[in-house]
Amino acid sequence: SSTQAESSAASEVYKSQDYKAVEDSTSLVELWLSNATILPSNGKVPEVWDPSEWLSRTLPTWKRFISPVAESLNEAQKDVLPEEAKQMAGSLLGMLAQIGGINMGMQLGRILGDIATSVTSVSEWGFSLDEKQGSALLTGQLDTLAEEFNKPKREVLIYLCARELAHQRLFAYVPWLEERLLLAVETYSRGLSLDTSAMEEASRSIDPEALSDPSRMQDMFQQIQNMDLSPQIVASNEHAGIQLDTMLSLVEGWVDNVLADALFERIPVMESIQKSWSARRAMKPGLENMAGNTGLDFSASHADEAAELWRRLTVAVGIDRRDHVWDHPDFLPTADDIAHPAEFIDGILGESDNDEFNPISEIEKLERELNGQSGNSRGGDSTQEGGSGREDDSRAGSSDEADGSGNGKNNADGSEDDK
């Protein structure tokens, strides 16, 4: 209709105006970010999306996260039925599974619809949800956010643009990071289980003989309808949850630290905006229902502590050495390092005594040593053979167990010398 056409045209005009504002902010912010990090810009201006575009571009990633939870839900619903009831239900079990999948899909659709009205960027939670690894801002949230922060709309846009561009620099420089984050979410998702005790209690009230009597079956189902049978999602893989939260906190904390260096002195109001952003992040806007219904939580609960670790590390060793910590996952701080950063920083300080420190060369050096030891054990003379340059997890065990320092902890006496 003509009304819809006019509305669409007006939307395109506003979108074009918003993109010009984002483009101008990008030109300004990129210069400042280049003084706060050695990670280079990818040269791209973030796109401008509306909620519907966010939904369509991120839905494949959400399906990747949610599918394991949905499968667990369907299996749990079937498992709680008594064996006799399963046999009598027969092909109905397949239909019930389909209904469960449809219900889960509808529930997810409502949750994502709510999130789409509050999310501000494609990488708001520390990783890009776009399967095409695009960069985008949802400028339709600017008015609401500016009012919430009680700050000018232009400054809020500059801040959001700076966050998105800092994320994109990190993702571009660390090619393994985004997929590792997505795999961490997926691993955590697959380890979620369901507490179906309420359903099991209800199943015990099912009389298989009543299934052949329409009157008794109706009474039985009416009784069950009055019960709360909602299964509770519980995390059975605590380690995966800690790993995910640590990685998200490190990303968000690094971005906070870089933005503080890039923006605070140039636009004083930015410090207040970042405090408001930190408070907003702790409130988990749009994520409460996601966590409650799927068990997935992207809140980066230790982002503020991680930001302090990055700040102290920057003071101690400088921007260049700080950013090279991202060169390999085994060199990243652990959850314990975030809570107690002094020892981690001491370790980096010890490594920095070597002006030509290269974390990847440390792995290659260890490979050569291990290959030499292996050659000696076989009676050969392969001690001089070098490593192949591959990343070898034997350096510090798995990346989950690495101390993040790349060369072990140097327990310096002055653990507070970084201040």
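What follows is a short chat about a predicted model of a protein.

User: What does the secondary structure come to?
Analyst: The protein has 16 helices and four strands. Keep in mind that the model is predicted.

User: OK, what pLDDT does the protein average?
Analyst: The average pLDDT is 79. Of the residues, 66% score at least 70.

User: Where does pLDDT stay under 50?
Analyst: Over residues 380–419. For that stretch the model has 91 contacts beyond four places in sequence.

User: New topic. How much of the protein counts as buried?
Analyst: The figure is 44% of the 419 residues.

User: And what about helix α15, why is it largely enclosed?
Analyst: Helix α15 covers residues 341–351. Eight of its eleven residues are buried, so the rest of the structure largely encloses α15.

User: Which residues of α15 are buried?
Analyst: They are P341, A342, F344, I345, D346, G347, I348 and E351.

User: What do they pack against?
Analyst: Against two helices, α13 (303–324) and α14 (335–339).

User: Switching to helix pairs. How do α7 and α10 cross?
Analyst: Helix α7 spans residues 177–190 and helix α10 spans residues 238–263. Their axes come within 9 Å and cross at roughly 150°. An angle over 145 degrees counts as roughly antiparallel, so that is how α7 runs relative to α10.

User: Is that crossing left-handed or right-handed?
Analyst: The crossing of α7 and α10 is left-handed.

User: Which residues make the contact?
Analyst: From α7, they are L177, R180, L181, A184, V185, T187 and Y188. From α10, they are A240, G241, L244, M247, L248 and V251.

User: How many of those are nonpolar, polar or charged?
Analyst: The contact of α7 with α10 has ten nonpolar residues, two polar and one charged.

User: Now α5 and α11. At what angle do they pack?
Analyst: The angle is about 105°, and the axes are 10 Å apart. Helix α5 is residues 142–149, and helix α11 is residues 269–283. That angle makes α5 roughly perpendicular to α11.

User: Which residues touch there?
Analyst: L145, E148 and F149 of α5 meet I273, S276, W277 and R280 of α11.

User: And by class? What does that contact have?
Analyst: The contact of α5 with α11 has four nonpolar residues, one polar and two charged.

User: Last one. What share of contacts with a separation of 6 or more comes from residues 24 or more positions apart?
Analyst: Such residues account for 80% of those contacts in the protein.

Terms used: Residues numbered from 1 in each chain as written. Predicted model: local features only at pLDDT ≥ 70, side-chain atom pairs only at ≥ 80, totals over all residues. Heavy atoms only, no water. Axes fitted to C-alpha atoms, helices over the stretch in contact; angles between N-to-C directions. Parallel < 35°, antiparallel > 145°, perpendicular 65-115°, else oblique. Contact = heavy atoms within 4.5 Å. Nonpolar A, V, L, I, M, F, W, Y, C, P; charged D, E, K, R; others polar. Left-handed = near helix turned anticlockwise from the far one by under 90°. pLDDT = per-residue confidence, 0-100. Buried < 20%, exposed > 50% of the residue type's maximum accessible area, 1.4 Å probe, protein only.
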